[in-house]
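This note sets out several points for a reader who is new to protein models. Please keep the sequence and the structure in view while reading.

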Amino acid sequence: MKTTTQRATLREFFPYLRGHVRVLVLVAVVSLVSTGLSIAQPLMVQQLVNAVSASEPATVFVWFLVAITLGGAVFGAAQSYLLQRTAESVVLGVRRSLVGQLLALPIREFDRRRVGDLMSRVGSDTTLMRSVITSGLFEIVSSILMFCAAVVLMVIIDPLLFGITLTAVVLGAGGVLFLGRLIRTRSRDVQDAVGSMTAAVERGLSGIRTIKASVAEEREAAVIDVEATKAFRAGIAMARLQAAVQPIMSICIQGAFIVVLAVGGIRVAAGELQLGDLIAFILYLFLLVMPIGSAMGAFVQIQSGLAALDRIQEIARLAPERIDERHLTGSPDAVAEHAPRITDTASGLPDPRSGSAIDVRDVSFRYASAEDDATAAAAEGSSADSGRGTSGAAAANADAARVDPSDDGGPLVLDGVSFTVPAGSRTALVGPSGAGKSTVLALLERFYEPTGGGISLGGVPLPQIARSDLRERIGLVEQEAPVLSGTLADNLRLAAPGAGDDQLRRVLAAVGLDALGDRSDDGLELNLGEDGIRLSGGQRQRLAWARVILADRPVLLMDEPTSAVDSRTEQLLQQTLGEASRDRTVVVVAHRLSTVADFDQIVVLDQGRVSAIGTHDELLGTSELYRDMAARQRLVTHA
Ligand SMILES: Nc1ncnc2c1ncn2[C@@H]1O[C@H](COP(=O)(O)OP(=O)(O)OP(=O)(O)O)[C@@H](O)[C@H]1O
């Protein structure tokens, strides 16, 4: 997805080289020596030929020539290895920071970006960046050195022949520079197209069962093929440009070579030039051509690398979710009122067991629309203008661009929602599909910020609680119950890395998954496969339960946590929840009313508004919508 036309410059590449200055200096020294040896070679040949022509002793020149040639090869190899090594380290650094940044991005960024495209930025774009170092920067630097030395020596040997050469080089370079900008644009197109194709493949593979069950393999392959063809076309357009670069230069150089040979031959015949000088001049012409050739190649590589850097920096510039940040905003009185409570405990929150009441006050919310995404992209662009990276102000701007309550972005998903969950109580959110129940849980986790109103936990407004502190107090069972690729133990320890094996087994038993751990010799090390593909829907859900119980958080948010289990397991889970909720604040989104009929309070949401609040019995008397839902689920005989 193209979100900005921001173009990275070579200068922006240098910070990535920061940790590698020493080895780069070494590479520079090695390449200086190797360039020097290459330049000395024609001089030796000149001396050798002129000595032989004058019947003078020439053996010493032969030895020098051999030494120079061997030395050049050794230093060339050393330079190549050191460069590759450095480039790999730089790529590792970029990948690390990119992955860190991806995981730190707020959820809304994942709403508007394609996972496949993000993956391709970590994979193929970083690889392209490597070529900026290996065949890019140093190639150009050593080429310029060699070029300058060759120019000086050619002028000394014969200014007229040099004039001929210079005309050809200027013509060729002009043509290539003109193509440079086009190459950069085409390379960006290629990388964007590869990103789109990866996203299409990711879509196809992640939904492989649905695709097979719908007998849609061919149609899906066609969708991917469209993207692959776009990548092919972009690649061909790029190849056309690349192909044009080489001939432009070689026509000019070959022309220069023929003219130099003809004019030089005439001058040697006329006795105006020594044969050794003409040979040395022609060798320098080669030395001039070689760096020009490799500089042109490097130029193309750098253009491609910079296009990749554009895509990498597009992500690096996004404002990450600041999990440690608190906003102590509002009047000094309000801050003073909250501050003592905030500093009550080391983590800045009231005692989790005693003060975890949730207060949702007049909350409104809308998801960002496509237009909002465009605004956010523009904010990214302007934040990039103000400097590299994620400066606080720029990040705040980007944040503001997405949560402006006055915007007329997507439809209002929540509209003036208010309810209170007393500490240690159980509250259910019920209502028709799309009413906004899961969105309330997402706001409690601060995956998104409300566009109006506010939420507090234990009397502290959520924006005043660092996201990391907040999330360490909340256990979440998601609707989809995602399972990460890896082992049973990996999945369980996600939120409780220090839990021992015995604890894991106990919690598995509590959710009726003990058989899973015993299913194979692997026990807790049982591999659950990609996305937990080896688990049934109900097992995935129970694993999610096991995870939050193990994490032992004072607040539990559960989104339809028993939708995929049989009635016997449901009973077991209800019992587990009963025990777990004794000292916890629990909010459960439920479709099956029977699972929450004994809850302390049920909030009925309808089209983003609270339509009624009460206990099951109260609601049967007061809420038509609730009565209707209960009747449909045969909890009451008539609506
Ligand atoms: N990430 C998102 N981006 C844009 N719109 C969204 C997003 N997530 C949900 N919505 C929209 O917000 C509305 C409320 O969704 P939500 O998932 O909160 O409803 P729900 O009551 O939990 O529904 P269900 O019972 O079907 O799970 C729906 O219209 C949905 O299409």
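1. Helices (H or I, at least four residues) and strands (E, at least two) are DSSP runs, numbered from the N terminus. By that rule, the protein chain has 21 helices and 10 strands. The model is a predicted one, in which local features need pLDDT of at least 70 and side-chain atom pairs count only at pLDDT 80 or more, while totals for chains, interfaces and linings use all residues. Residues are numbered from 1 along each chain as its sequence is written.

2. The pLDDT is the predictor's confidence in each residue, from 0 to 100. Its mean over the protein chain is 79, and 83% of the residues reach 70 or more. Strand β9 (residues 601-606) has the highest confidence, at 96, whereas helix α10 (residues 332-342) has the lowest, at a mean of 36. For the complex, the predictor gives an ipTM of 0.97 and a pTM of 0.70.

3. Two stretches call for caution. Residues 328-348 stay under 50 in pLDDT, and the model has 19 contacts for them beyond four places in sequence; two residues are in contact if their C-beta atoms, placed from the backbone, lie within 7 Å. Residues 377-407 are also below 50, with 41 contacts in the model beyond near neighbours in sequence. Where pLDDT is low, the predicted coordinates should not be read in detail.

4. The next point concerns burial. A residue is buried if 20 or more other C-beta atoms lie within 10 Å of its own, exposed if 12 or fewer, and partly exposed in between, with C-beta atoms placed from the backbone. Of the 639 residues in the protein chain, 39% are buried. Among contacts between residues at least 6 apart in sequence, 81% join residues at least 24 apart.

5. In soluble globular proteins, nonpolar side chains tend to be buried together. A nonpolar core is a set of buried Ala, Val, Leu, Ile, Met, Phe, Trp, Tyr and Cys residues joined through C-beta atoms within 7 Å. The largest such core here has 70 residues, and V430, A546 and L557 have the most contacts inside it. Helix α18 (residues 537-551) supplies the largest share of this core, 7 residues. Leaving aside residues up to four places away in sequence, A546 touches L492, V507, L508, V511 and L513. A second, separate core has 58 residues, among them A280, L306, I312 and A319.

6. Which residues lie around the ligand? They are D111, Y367, G410, V413, S433, G434, A435, G436, K437, S438, T439 and Q479. A residue is near a molecule if its C-beta atom, placed from the backbone, lies within 6 Å of it. Helix α13 (residues 437-444) gives the largest share of this shell, 3 residues. By class, the shell has 3 nonpolar, 7 polar and 2 charged residues. In this classification, Ala, Val, Leu, Ile, Met, Phe, Trp, Tyr, Cys and Pro count as nonpolar, Asp, Glu, Lys and Arg as charged, and the others, Gly among them, as polar.

7. Strand pairing deserves a separate point. Two strands pair if DSSP finds at least two bridges between them. An open sheet of 4 strands has the order β2-β1-β4-β5, with antiparallel pairing. Its edge strands are β2 (412-421) and β5, each pairing on one side only. Strands β1 (residues 358-366) and β4 (residues 452-457) are joined by 5 bridges, and S364 has G452 in β4 as its bridge partner. Strand β4 is joined to β5 (residues 460-461) by 2 bridges, with S456 opposite P461. The hairpin of β4 and β5 has 2 residues between the strands, and G458 there takes a positive phi near 60°.

8. S55, in the loop between α2 (21-53) and α3 (59-104), has a positive phi near 55° although it is not glycine. S55 is exposed because 7 other C-beta atoms lie within 10 Å. Q607, in the loop between β9 and β10 (609-614), also has a positive phi, of about 50°, without being a glycine. Q607 counts as partly exposed because it has 14 C-beta neighbours inside 10 Å. D566 is in the loop between β7 (555-559) and α19 (567-580); it counts as exposed because it has 11 C-beta neighbours inside 10 Å. The C-alpha atoms of D566 and G538 are 7.7 Å apart, although the two residues are 28 residues apart along the chain.
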